[in-house]
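Please keep the structure open while reading.

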Amino acid sequence: MVWYFPYSRSPELAMGLVNRVIQRLEVTHEPNLTLAEQLIANDDLLPVEPENRTWRGYNYVAFWVADMFNINTWMIVSSMIQLGMSWWQAWICVLLGYGIATPFLVLNARPGAIFHVTFPIVNRASFGIFGSLWCVFNRAAMACIWYGVQTSIGGSCMLVMLRTMWPSINALPNSMPVSSGTNTRDFLCFFLFWLISLPVIWFPVHKIRHFFVVKTIMMPIAAIAFLAWCIVKAHGIGPIIHQPPTLHGSDLGWAMVISIMSCISNMSTIVTNAPDFASRARTPSAALYPQLFSPPITSSIVSLIGILVSSSSQAIYGEAIWSPVDLLGRFLDDDPSGATRFGVWFISASFIIAQVTTNISANSVSAGCDLTALLPRFINIRRGGYIAAIVGLSMCPWNLLKSSNEFTSYLSAYSVFLSSIAGVMVTEYYVIRKGHYNVKDLYSTGEGSWYWYTYGINFRAYAAYIAGILINVVGFAGVTGREVPLAATRIYELSFFTGFGVSAIIYWALNRCYPVTGAADTFEETDVSGYEECRVDASRDIDTKDGASETLSEK
């Protein structure tokens, strides 16, 4: 008798099934790549193809208008006025803060605009092929957290818009436990906003510029209409405009410094990953002048509208309502007319569009680029954006916003990490290599690679990065409630500059003592590997072969 065991080959079948699943999950890549090559490159990590370099100067203007017209920028002066400043002093802080941050942004964006590579690849030049992964992970984590926070804010806009159409939603029965930190109504609005954001993530980076143009047209109209409505309703611009400061002397000076640094901290995430969008520039100048002037001008206009609207709200309701969403909600509380409901609907819908595009520009694309670098075999920018959306949903961001003081302290501390990374990156490009790049070596794990350093890690960069963090540690302890010297507090209040400056100086000094391969004496923005020329030649060869094949087939 012969016995047959149909499951004797089950391990081979299982392995075959696993391999097929893995192949399905992999992103498209060139065939016959080694494991090391699959860990450092995919199509979204390679330099952007010429046909996808579609961003012109006006696209960057639209990008910054889209990014700055959001609720955070609208409300940023509220904490400054509550510190004791007058409205115009707070407004100057916004203008100076964003104006000071933009040169750092342009400096860090330059490699992306010249060589058309994203932040994770630019970071490899400074920290090494594998050393860059920690910096990229930090930025990805920050982007995912901010995605959830901005989605939570967008959910509050969704609630106001739905109230204009179905007022009964405000009294929706709650079926969620107290431990969830939210209720059925708020979670429903949060989820709806999260859901409508998903289709936008699908579009590639070189095409989403059209969404920013739409917001650039729609949002200023809504903001000006909101301002005019409030002024008419209040019969004037309200008392905040005439409110004198309560701070004077050094107290006022340091309050302004803290406020300016708060604006710079808000920009620190985008300063760090500036190459992501600059890599899509049609020309290097397209990513230069528009990005140098658009953020401070747009942020100052948005914050000024926020000041005037909030001042008018004090004349209407007897208290300043800084959140535009809360103010629109108050308009719906007193048996509103059809015209009022339509006006609130239009403005709240505009804020929803504003929050969606802000989330895409500041968080989704950044997270997508960063997560792609962490696992390029399986993740591209589109998948990374959806991962950020899932993390943003799973983290229950409404709980973070409930403890706003702790959350603000956390974000302020995180800007120290990011400024130290940016300090190393800027010094690497402008001072050490002086614009010289070896693009081929950015995707190489060979011993002779410029960016291999020591087993793929540049320890000079990490020493500088840690030094930029350490100088602010004592001051951060003071923010958490511990007693620390006043000097440490002042240093921490200047954390972006101290983190950036210390990391830059230490990195320069270490490179003087231990020079790196490829350090240059004169400044010239050039790719010594000739990557672009090689790609053009390869493309021509393929076209020639295709043409020859067609000729043979015709014969």
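**Cavity and salt bridges**

The count comes to one cavity of 30 Å³ or more. A cavity here is a set of points, on a 1 Å grid over the protein atoms alone, where a 1.4 Å probe fits but cannot get out. This is a predicted model: local features need pLDDT of at least 70, side-chain atom pairs count only at pLDDT 80 or more, and totals for chains, interfaces and linings use all residues. Residues are numbered from 1 along each chain as its sequence is written, and side-chain values use heavy atoms, with hydrogens and water left out.

**Cavity**
- The largest cavity holds about 40 Å³ of space, a volume being the space filled by probe spheres set on grid points joined across faces, edges and corners.
- Its lining consists of Phe63, Trp64, Ile270, Asn273, Ala274, Phe277 and Gln291; lining residues have an atom within 4 Å of a point.
- Five lining residues are nonpolar, two are polar and none is charged.

**Salt bridges**
- The whole structure has six salt bridges (a side-chain nitrogen of Lys or Arg within 4 Å of a carboxyl oxygen of Asp or Glu).
- Arg110 pairs with Glu525, with the closest N and O atoms 3.0 Å apart. This pair links distant parts of the chain, 415 residues apart: Arg110 is in helix H5 (residues 87-115), and Glu525 is in the loop between helix H21 (495-513) and strand S2 (526-527). Helices (H or I, at least four residues) and strands (E, at least two) are DSSP runs, numbered from the N terminus.
- Glu428 and Arg433 form a salt bridge at 2.4 Å, N to O.

- Glu428 and Arg433 are both buried (buried is under 20% relative accessible area, exposed over 50%, partly exposed in between; 1.4 Å probe, protein chains only).
- Arg110 is partly exposed, at 22%, and Glu525 is partly exposed, at 26%.

Terms used:
On a 1 Å grid over the protein atoms alone, a cavity is a set of points where a 1.4 Å probe fits but cannot get out, and a pocket is an open set with protein on both sides within 12 Å along at least five of seven lines; lining residues have an atom within 4 Å of a point. Ala, Val, Leu, Ile, Met, Phe, Trp, Tyr, Cys and Pro count as nonpolar, Asp, Glu, Lys and Arg as charged, and the others, Gly among them, as polar.
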